[in-house]
Every structure is written in structure tokens, then in C-alpha cells.
Amino acid sequence: MIQKLLHIKHNDGVVKVYKKILVAIDGSLHSYRAAAEAVKIASLDKASNVELLYIADFSKAKKEVLHAQGKAELEQVRRGRIQPAEDLMKENLIDYEVKILHGDPGPTIVDYANKEKFDLVVIGSRGLNGLQEMVLGSVSHKVVKRVNCPVLNKIITRIGELYSYSFLDHSTRDVGWSFPF
Amino acid sequence: MFEKIKTDWFFNIKGDVLAGIVVALALIPEAIAFSIIAGVDPMVGLYASFTMAVIIAFAGGRPGMISAATGAMALVMAPLIRDHGIEYLFAATILTGVIQILFGVFKIAKLMRFIPRAVMIGFVNSLAILIFMAQVPHFIGINNMTYVFVAITLLIVYVVPRFFKAIPAPLIAIVALTSVALYSNADLRTVGDLGAITQSLPTFLIPTVPFNFETLAIIFPYAIALAIVGLLESLLTASIVDDMTDTSSNKNREARGQGIANVVTGFFGGMAGCAMIGQSVINVKSGGRSRLSTLVAGVFLMFLIIVLGELVVQIPMPVLVGIMIMVSIGTFDWSSFSYLRKAPKTDALVMLVTVAIVVATHDLSKGVIAGVILSAIFFVAKISTMKVLKQEEDNQITFQVEGQLFFASVDAFVDAFDISVEKKNIVIDFTTAHVWDDSAVGAIDKVVMKYRENHNQVTIKNLNAASKKLVDQLAVFNDPKASTH
């Protein structure tokens with residue numbers, strides 16, 4: 001009887017490769033590291049491709065529209081946030097696409113990942129503790145809970161890792177020291 | 001035509017109806033509080049929100065955007081009501097509408113792009129500050145219970161949404177705290193102390209003001225200020241909704257719609273209104289996308305007033321104060337502090353000046369106009385900086401001209417040349433420059449001819465196409481008969 005319960009049926013055509021990988025990008029150091037992890041996986045097989053998903057957060061819409069002088073500059077600023085991850089894909093010869101969606105980050109990522117049936121979602125985490133998460137919220141938490149496919153979330157950034165890159169909006173995103181809090 | 005109705009109104013019925021209801025619930029306290037800021041009966045703000053929302057649903061250019069009675073408009077109209085009374089407000093509102101319709105017809109909405117971001121940020125920040133300042137007389141120095149209620153309201157409004165999002169927190173605060181106030185018989189001022197709530201639909205009335213030039217002289221400045229402030233906030237809000245929904249909108253149609261809505265509002269006993277950033281964001285976040293959401297918001301608001309009007313007079317003032325403080329905090333652009341650090345000093349100064357003038361004069365329109373003028377002056381100053389790089393080699397002096405050559409920069413240009421040299425080969429290179437007007441050509445003439453008088457050979461090169469055309473047309477230095485004067 002127990003043996004029958006333990007008999008797991010495999011689907012025909014078991015997929016051995018993460019073909020469609022979704023990486024959530026927000027321009028932060030954490031999402032850049034997430035993109036780097038995605039590169040590690042995507043470079044294992046030529047058939048893998050990566051989609052860089054940037055969410056234009058509803059809560060930030062007012063601030064971003066107010067600070068941009070026009071729609072074109074706003075799009076440029078957003079593109080600039082995705083640029084480092086894009087460059088990473090290009091340098092490593094990974095097939096990739098960029099997608100920008102507008103909405104509340106957590107639900108939007110989940111709905112999109114589920115609708116488009118991605119094989120893997122890679123999303124960085126700020127490493128907040130329980131109390132901090134309650135106050136500041138956690139997008140990655142919601143995604144891990146509700147998306148229908150595997151999620152790579154625990155991305156460790158070592159103490160003292162330095163990233164320096166400049167954005168199209170003429171402001172140099174300086175040194176990003178990372179600490180695992 | 002029916003297809004169009006479907007695409008404009010009914011593609012998202014469930015989302016729109018729910019969002020409209022949420023907006024109406026959140027709008028009641030705001031409309032009442034803004035009426036109090038303006039110094040009018042709460043009913044005026046509520047009627048205005050009803051008529052604005054309903055008319056804009058049909059006539060506006062940005063589906064999904066919410067227009068109603070607003071703080072910005074309330075602040076502008078307050079002195080008019082204080083000095084002349086409410087009938088003058090209705091007249092001014094109608095005139096505001098007419099001006100806005102004209103702005104829309106003459107496609108002035110395009111001029112919005114000339115308003116620098118520093119001025120817009122200053123506008124938003126000064127609006128937040130003024131809304132906060134308007135609350136002070138309602139909660140400072142009254143009694144301790146007032147402070148307690150304000151604090152609890154703020155607590156509810158900021159903490160509850162983390163756990164429970166279905167009903168807007170301001171409404172929960174009102175219902176809960178009004179009940180507490182009634183049961184505990186707390187010594188608090190209420191909405192009823194400041195005005196009466198009539199539970200009926202608005203009626204058409206022609207403002208009882210004398211129809212003469214004197215009235216026009218009184219209301220016209222206010223109408224212009226209201227039109228400008230209203231369109232400014234509405235077009236900013238439209239841009240925000242455009243971005244959130246990733247669609248575009250017809251700004252001129254919106255201007256016309258705002259105008260029509262204000263005309264109607266004035267005739268139905270309402271105060272002038274405009275689009276609201278906060279409520280529009282709530283609408284889109286709650287799933288509202290089409291004109292239906294705006295209509296539902298307006299109609300449901302009126303329904304609530306008719307049904308619940310009696311209870312509205314019991315709302316304690318400190319609760320509204322707390323909600324207004326929340327609105328003020330939400331309106332203020334907190335990233336302004338990093339903006340001040342990172343933006344060019346002239347931009348930062350424009351922003352600060354805009355805020356300073358608004359707060360000093362209590363007039364949003366004066367601040368905006370001052371900011372735009374200051375920004376224009378800085379722009380001309382910046383663009384008139386001329387750089388002339390000099391390179392000397394044997395007998396040849398090459399000058400590289402950099403920048404825009406026009407009336408404001410000709411002096412800097414002429415001063416850059418030492419025309420006392422003799423028998424040299426002078427080359428003036430305009431690759432990185434642009435010649436804009438006849439003063440510029442006159443300046444080039446002057447320099448060239450003075451050099452030639454001192455037996456120097458002068459060559460002008462690398463004028464871009466537009467500059468060359470102007471120089472060929474107007475210059476005299478290549479005319480053998482001319483001489484300097």
C-alpha cells in the first residue's frame with residue numbers, strides 16, 4: 001500500500017533544461033546579482049533564454065513622472081536601470097529579452113510568470129529580517145509563495161563586494177557595498 | 001459607435017465599479033476637508049465632487065482619472081470666499097471653466113512641457129505644506145482629546161492598510177472614531193460645527209452676483225489662477241495615469257473637459273475642482289481603467305451623501321485633520337531632498353523659490369509663475385555663455401567658438417577677440433557654435449572687419465547650414481563696399 005502511494009508518475013517528455021528563465025530587475029544591486037545567477041544557469045544550455053522583467057511600480061509612478069522631464073526621459077531612466085543586467089547577458093552571449101510592466105511588483109511578477117509559464121524565476125532578496133519585512137514589505141516573499149514554478153531566491157552577496165556602474169541618466173550609481181543583513 | 005462605447009467604458013466593468021466605490025469612500029472625508037479649507041459648507045465640496053466626476057467621466061480626456069473638489073483649488077479660492085462670499089465663488093468657477101475650455105480649444109495644454117520639472121516639484125511640495133498649515137487652527141491649542149484623536153487617526157490610516165486593504169483606511173478611521181466620539185461624549189469639534197449637510201441632489205442656480213464689470217474685475221484674477229492651477233494639477237495627474245496604465249491621453253480634450261465640468265459645477269452650487277493625484281492613483285491601483293470608474297465614483301459619492309448625510313455632521317474634526325495630514329504627507333515629494341543634492345544648483349533654487357513664494361503668498365499660481373520666470377532667466381543665462389578657445393601657431397591664430405551666438409551672448413563673443421593684433425592669419429571656426437539672429441551676424445561682422453582694418457586675413461569656417469544661411473543673408477564683411485562704424 002505504502003509502496004503504491006510512493007509510486008510517483010513522471011510526465012512524458014521530462015524537461016531537463018530551464019528553458020524560459022524570468023529574472024526580476026529593479027535596478028538594485030540585488031537584482032543585478034540575481035541576473036548573474038541567471039547567467040550561470042542559462043549558460044548551461046543553448047536552448048535557455050532569459051527574460052529581464054522590470055516592474056514600473058505603481059507606488060513610485062508619481063515620483064518618477066514628477067522627476068522626469070517628459071515621457072522619453074522617464075523611459076530612458078528605466079532602461080538605464082535594466083542596462084547593467086542587459087550588458088551582463090550580452091557579455092555572456094545569453095539569449096535575452098526585456099519586458100517592462102506597470103503595476104504592483106509582487107502580484108504583477110507572479111501573474112506574468114504564471115501566465116507565460118516560465119520554468120524558473122530568479123529574484124533577488126534584500127535579506128531583511130522578519131520585522132523589517134513587516135514594515136518594508138517583501139516582493140520576493142510574495143513571489144516565492146505564489147508562483148507556479150521553481151524560484152531561485154537566496155542569492156548571497158559577500159561582504160565587501162563592490163559594484164560600480166553608471167546609468168544613462170548621468171548619475172553614477174556609485175559603489176554598492178553589500179552586507180547580508 | 002456602440003463599439004466605441006464598449007472600448008471606452010465597458011472593457012473592465014468589475015474593476016471599474018469596485019475602484020469607483022473605493023474612490024467614493026475615500027473621497028468623502030477629502031471633499032469635506034477641502035470645503036473647510038476653502039471656507040465653505042461641506043456640501044459645496046461634495047456637490048462639486050459629484051458634478052466634476054460625472055461630467056469628466058463623459059467629457060474628460062484621460063479615462064481612469066478622478067476629478068473632484070481639491071486642496072489646490074480650495075487654497076486658491078479661499079480669499080475670494082472670505083472677502084466676497086460664496087456667490088462670487090460660483091461665478092468664478094463658471095469663468096474658470098470657460099477659460100479652461102478656451103485653453104483646450106487653443107491647444108495651450110502643449111505649453112505644459114515648458115513648465116520645468118523644478119517648478120512642478122515646487123508646486124507639489126508647496127501644496128503639501130499649505131494643506132498641512134491649513135489644519136493647524138483645527139487641532140493646535142484646542143484640547144488634549146483633539147491631539148489624541150489626530151494621533152489615533154494617523155495610526156489607523158498608516159497601519160491598517162498593511163493588514164486589511166478592502167476598505168479604505170480613512171473610512172475605517174471615520175466610522176470607528178465617530179462612534180467612539182459619540183459614545184464617549186468626547187469634547188471635540190465636529191463637521192457640523194462648521195457647516196450643514198443637506199441630503200439632496202444639487203440644483204441649478206445662477207449665481208446671485210451683479211452682472212457688471214466690477215464683478216468681472218473681482219472674479220477674473222481668481223478665475224485665471226484657478227484655471228492655471230487646475231490644469232497644472234490635472235495635466236500632471238494625467239501624465240501619472242498615462243504612465244501607470246501605459247496608455248496615452250489627449251491633454252487638450254482633458255482641458256476642455258475640465259472646463260465643461262467646472263462650468264456645470266459653478267451652475268450647480270459647487271466649488272471649482274480639478275483632477276486629483278491621490279485619488280486617481282487609488283483608482284488605478286484598485287483596478288479602475290475606464291470612464292466608468294470615474295462615473296461610478298461620482299454617483300456612489302452622491303448616493304452615500306443622501307443616505308449617510310446625517311452621520312457626516314457628527315464626524316469629529318480631529319479625524320479629518322488626521323486624514324488631511326496623511327494627504328499632505330502623501331502629496332509631498334520626499335525625494336526632493338535627494339533632488340536638491342543632485343540637481344543643478346539653478347534648478348534647486350527654482351524649486352525652493354517656487355515653494356517660498358507659494359508659502360509666503362498663500363497663492364499657488366504666484367509661485368508657479370515666479371518659478372517659470374526665474375527658470376527662463378536661468379535658461380537664457382546658461383545658454384548665453386560663450387566660449388572661445390584660442391590656438392596660436394606661427395602666424396595663424398585659430399579661434400574655436402563654442403555655444404549659442406545671439407543677442408544675449410554677443411558681448412561675450414566680441415570681447416573674446418583681441419583685435420589689436422596685426423598682419424596675422426585669423427581663422428574663426430564655428431563647428432561647435434550656432435548663429436541665431438541678426439545681432440549675432442552683426443557681431444561677426446564687427447570682429448571680422450576690425451581685424452581686416454588691422455591688415456589681418458580673416459577666414460570664417462564650418463558654419464552649420466542654418467548659421468551659414470543667416471550669415472550669407474545678413475553679413476556685410478564679405479561685401480567689398482562696407483566698412484565698420
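Visitor: Which side chain of chain B does A:Glu73 meet in a salt bridge?

Guide: A:Glu73 pairs with B:Arg117, at 3.3 Å from N to O. A salt bridge here is a side-chain nitrogen of Lys or Arg within 4 Å of a carboxyl oxygen of Asp or Glu. Before we go on, this is a predicted model, where local features need pLDDT of at least 70, side-chain atom pairs count only at pLDDT 80 or more, and totals for chains, interfaces and linings use all residues. Residues are numbered from 1 along each chain as its sequence is written, chains are lettered from A and ligands numbered from 1 in the order in which they are written, and side-chain values use heavy atoms, with hydrogens and water left out.

Visitor: How many salt bridges does the rule find across the interface of chain A and chain B?

Guide: It finds 2 across that interface. Over all chains, the structure holds 15.

Visitor: Back to B:Arg117 and A:Glu73: which helices are they in?

Guide: B:Arg117 is in helix α6 (residues 117-139) of chain B, and A:Glu73 is in helix α4 of chain A. Helices (H or I, at least four residues) and strands (E, at least two) are DSSP runs, numbered from the N terminus.

Visitor: What does the side chain of A:His102 reach?

Guide: The A:His102 side chain reaches the backbone oxygen of B:Asp243 at 2.7 Å. A:His102 is in strand β3 (residues 95-103) of chain A, and it is buried at 19% relative accessible area. Setting aside neighbours within four places in sequence, the contacts of A:His102 (heavy atoms within 4.5 Å) include A:Phe58, A:Arg78, B:Asp243 and B:Met244.

Visitor: Zooming out, how much do chain A and chain B bury between them?

Guide: About 1800 Å², with 57% of it on carbon and sulfur atoms. Buried area means the accessible area (1.4 Å probe) that two parts lose on being put together, summed over both. On the chain A side, A:Phe58, A:Lys62 and A:Leu66 lose the most area to chain B, together 38% of what that side buries. The contact takes 16 residues from chain A and 24 residues from chain B.

Visitor: How many of the residues of α3(A) are buried?

Guide: 7 of its 10. Among them are A:Phe58, A:Lys62, A:Glu64 and A:Leu66.

Visitor: Which residue caps the N-terminal end of α3(A)?

Guide: A:Asp57 does, with a side-chain oxygen 3.1 Å from the backbone nitrogen of A:Ser59.

Visitor: Changing topic, where is B:Arg189?

Guide: B:Arg189 is in the loop between α8 (169-184) and α9 (213-245) of chain B. B:Arg189 is partly exposed at 45% relative accessible area. Not counting residues up to four places away in sequence, B:Arg189 touches B:Ile142, B:Ile315, B:Pro316, B:Met317 and B:Pro318.

Visitor: Last one: what does the model score for ipTM and pTM?

Guide: ipTM is 0.84 and pTM is 0.86. For chain B the mean pLDDT (the predictor's confidence in each residue, from 0 to 100) is 91, and 98% of its residues reach 70 or more.

Definitions and conventions. Buried means under 20% relative accessible area, exposed over 50%, partly exposed in between (1.4 Å probe, protein chains only). A polar contact is a pair of N or O atoms within 3.5 Å; within protein, one must be able to donate a hydrogen and the other to accept it, and residues adjacent in sequence count only if both atoms are side-chain atoms.
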